[in-house]
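Trainee: Could we go through this model together? I would like to begin with the charged side chains and then turn to the strands.

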Amino acid sequence: MSVTTSPGRWPRAEPGAANGALRFGRETAVGGGAPDIEWVLKRNCSMTPRKLLAVFVSLCVVSLGIAVFFWIQGARMIMPFAWLELLALGAAMLIYARHASDREHIALRGDRLTVEHTDGMQVRRVEFQPAWVRVEPEQDDRSLIELSSQGRRVAIGRFVRPELRADLAEELRVALRRWRQAGQPGVE
């Protein structure tokens, strides 16, 4: 794929360079108009919260088993320190588990482009009319992608490697261009 660049801007693929396949998104066919497209960008976590809980329980069993052994031997102060250790470990694992499911969900459906950003228990949702959405770098070539329209802005791409953000931005541009060409409602 050949790419052209301009100073301070992301590289843009030349027309016809892309084969139309989505790298980050998933397309579902809809009768008549443009297909619905979803992008789900998630953290790359090595453990799910359920697996993390299993590891924590096994660490508790081992640590308390050792503490009980030494407590029986007469080392009475071992038990409070074992509980303190497990409390600190539990707090760290809880923080990890709370953010393990952080994600960005972008959906182009019908006449709406919806962006949901999940951070811990907080979910922020922004809706745009796809006909007016601009896809630009927030600051420089490796920065987050900024979607803006009608006075609203949202930064996306937190869970994509910086060198791949330009590809994601181009994929969004192509999807929006295809949506506009399909003659969606509200587009002249």
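Trainee: How many salt bridges does the structure hold?

Mentor: The structure holds 13 salt bridges, a salt bridge being a side-chain nitrogen of Lys or Arg within 4 Å of a carboxyl oxygen of Asp or Glu. Please note that this is a predicted model, in which local features need pLDDT of at least 70 and side-chain atom pairs count only at pLDDT 80 or more, whereas totals for chains, interfaces and linings use all residues. Residues are numbered from 1 along each chain as its sequence is written, and side-chain values use heavy atoms, with hydrogens and water left out.

Trainee: Which residue forms a salt bridge with E38?

Mentor: R26 does, with the closest N and O atoms 3.7 Å apart. This pair links distant parts of the chain, since E38 lies in strand β4 (residues 36–42) and R26 in strand β3 (residues 25–28), 12 residues apart. Strands here are DSSP runs of E with at least two residues, and helices are runs of H or I with at least four, numbered from the N terminus.

Trainee: And which residues are linked in a network of salt bridges?

Mentor: R112, E116, R125 and E127 are linked in that way.

Trainee: What about R153 and E146, how far apart are they, N to O?

Mentor: Their side chains meet in a salt bridge at 3.0 Å, N to O.

Trainee: Is E146 buried or exposed?

Mentor: E146 counts as buried because its relative accessibility is 17%, while R153 counts as exposed at 57%. Buried means under 20% relative accessible area, exposed over 50%, and partly exposed in between, with a 1.4 Å probe and protein chains only.

Trainee: Changing topic, what is the strand order in the open sheet of three strands?

Mentor: The order is β8-β9-β10, with antiparallel pairing; two strands pair if DSSP finds at least two bridges between them. β8 (134–137) and β10 (152–156) stand at the edges with a single partner strand each, so one side of each is left without a neighbour in the sheet.

Trainee: How many bridges join β9 to β10?

Mentor: Five bridges join β9 (residues 145–149) to β10, and I145 stands opposite I156 in β10.

Trainee: Which helix packs on the sheet?

Mentor: Helix α3 (residues 165–181) does, touching β8, β9 and β10, where contact means heavy atoms within 4.5 Å. Its direction makes about 165 degrees with that of β8; axes are lines fitted to C-alpha atoms, for helices over the stretch in contact, and angles run from 0 to 180 degrees between N-to-C directions.
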